[in-house]
Amino acid sequence: MADYDYDVLVIGAGPGGYVAAIRAAQLGLKTACAEGRETLGGTCLNVGCIPSKAMLHASEYFEAAAGGAMAAMGIKVKPELDLGAMHGQRIDAVKGLTGGIEYLFKKNKVDWLKGYAQFASKDTVEVAGKAYRAKNIIIATGSSVTPLPGVEVDNDKQIIVDSTGALELAKVPAHMVVIGGGVIGLELGSVWRRLGAKVTVVEFLDQILPGMDGDVRKEANKIFKKQGMDFKLKTKVTSATVKGKKAVLTLEPAAGGDAETLEADVVLVSIGRRPNTDGLALDKAGIAVNQRGQIETDHDFSTQVPGIWAIGDVIPGPMLAHKAEDEGIACAENIAGLTGIVNHDVIPSVVYTWPEIAGVGLTEEQAKEKGEVKVGKFPMLANSRAKTNHEPDGFVKVIADAKSDRVLGVWCIASVAGTMIAQAAQAMEFGATSEDIAYTCHAHPTHSEAIKEAAMAVTGKPIHI
Ligand code: FAD
Ligand code: NAD
């Protein structure tokens, strides 16, 4: 250790990096974490998961009051929007949680090196003009918004914005155009629609939410349309120009054809995110990136250079906070000589709209490519709790191997799908069959009973439909 400043130096304090640093320190390793932002927690806590959920949660209440959902239960209210206060509670949530990570660093004796790090060699990085030598370096630099040529984001002007700008709009736009019908577009589009904006989603593909189960994508599209969102599928945006206080977009069919124009008060660019590797001087460490700009690792998160590891959004796989966190723990455990494993086949994903959309494992399309499957479906309309709560939209779908009955994937659209999916992930992690889920006693009346019934439907025997 004499030659080294640290056993482990983590670059980036997002959910991948800060969790890796804390676990490494818990395992007795001398640990530092370099972070250039003014607060810890990365994209997730500062401008991602947490502030978006703060706005989703608050706007959900606003819509429930304004849109009549409360009236259906005998509660008559006329809500008034105080957008400043809504933003205030978002800022408070971020402040509390990012400050919490600073406290955890102190508690676990993780040194925060303030500044952006770059490699000086395979085992040395420079932060704010100072060099630090470490036995192990973990790259956890995360991702940033993918730019769209011809559509220049300027979050300060609040006309053409990315997700960070869309979280902070000072007033509700009359018309918001969302470019990209993925997770960010639908979540943040939902926030502003609930608060009064007309929202048009322009999506390049023939359906929203690529990567999710086909039935789920179709049903979600129907539900969002019913809520008042407009969709222009199979359409690409070729340019957006600011004219005064508005933006004018040029759209073309994805397959080519006549262009049309569309006017918007706010344009949200949400066409994906790309890994952060610029500025790291990776060449000095001898690390190359793949065609998508990601750093490739082995199953244990080691890169091609011994002693350098990588986790989270900067490596291949879904860009999700919980995936980054689990990789952070596994990577630190591997560095400490333990066996850290992440089962990448069982990573749940959740879209926090209303209703929520969640899935884990294979889609029906992917499962059918691998072999014969049995599928059980159960509508939320037939679930007593969802029906009683006036939440009829959605369904649960369980996909099982036709021969072994092992569960290959579970998909839900339900008000609390994000909470429901945890039991499916746990069951799959334990190698459950659909019968195992069907014969597990579920509390009544809960939305989760729909998972049990969908599992029963795999063999054709649900009770309540
Ligand atoms: P990041 O969180 O991106 O953190 C990387 C950190 O590294 C950053 O703080 C950056 O400043 C720092 N950094 C970069 N380069 C350097 C350097 N050279 N030196 C020092 N520091 C550096 N995921 C979910 O699972 N659930 C959600 O609900 C969800 N909602 C989201 C909502 C939005 C609007 C966005 C944008 C993303 C959302 N995500 C969500 C995705 C999630 O935020 C990411 O998957 C997650 O943050 C990735 O974690 P990470 O640690 O790999 O990287
Ligand atoms: P995404 O990949 O989810 O969706 C991008 C969408 O844009 C796709 O549907 C794609 O077909 C479309 N698209 C691409 N180019 C286009 C173009 N030129 N014109 C029109 N449409 C175009 O990306 P995102 O929504 O930006 O989110 C980025 C990442 O952040 C995702 O990987 C996601 O996992 C993560 N995230 C997760 C959550 C969550 O877990 N709830 C929330 C927000 C973000």
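This is a predicted model: local features need pLDDT of at least 70, side-chain atom pairs count only at pLDDT 80 or more; totals for chains, interfaces and linings use all residues.
**Ligand 1 first.** I looked up what sits around ligand 1 and got 38 residues, with Glu 35, Thr 43, Lys 53, Ala 117 and Ala 321 coming nearest (a residue is near if one of its heavy atoms lies within 4 Å). Residues are numbered from 1 along each chain as its sequence is written, chains are lettered from A and ligands numbered from 1 in the order written, and side-chain values use heavy atoms, with hydrogens and water left out.

**Polar contacts to the ligand.** I then went for the N and O atoms (a polar contact is a pair of N or O atoms within 3.5 Å; within protein, one must be able to donate a hydrogen and the other to accept it, and residues adjacent in sequence count only if both atoms are side-chain atoms). A side-chain N or O of Arg 37 is 3.0 Å from an oxygen atom of ligand 1. His 322 puts a polar side-chain atom 3.3 Å from an oxygen of the ligand. From Ala 117 a polar backbone atom is 2.8 Å from a ligand nitrogen. I also checked cover: the protein takes 93% of the 1,000 Å² of accessible area that ligand 1 has on its own (Shrake-Rupley, 1.4 Å probe).

**Who builds the shell?** Helix H2 gives the most, with 4 residues (helices are DSSP runs of H or I, at least four residues; strands are runs of E, at least two; both are numbered from the N terminus). By class I have 17 nonpolar, 16 polar and 5 charged residues in the shell (Ala, Val, Leu, Ile, Met, Phe, Trp, Tyr, Cys and Pro are nonpolar; Asp, Glu, Lys and Arg charged; the others, Gly among them, polar).

**Rings.** I found 1 aromatic pair in the structure. Tyr 6 and Tyr 132 make it, tilted, at 6.4 Å centre to centre and 40 degrees between the planes (ring centres within 6.5 Å, six-membered ring for Trp; under 30 degrees is stacked, over 60 edge-to-face, the rest tilted). The pair joins strand S1 to strand S6, 126 residues apart in the chain. Lys 30 lies over the face of Tyr 6, 4.9 Å from the ring centre (NZ of Lys or CZ of Arg within 6 Å of the centre and within 35 degrees of the ring normal). Lys 114 does likewise over Trp 112, at 4.4 Å.

**Last stop, Glu 327.** Glu 327 sits in helix H9, and its side chain makes a polar contact with that of His 344 at 2.8 Å.
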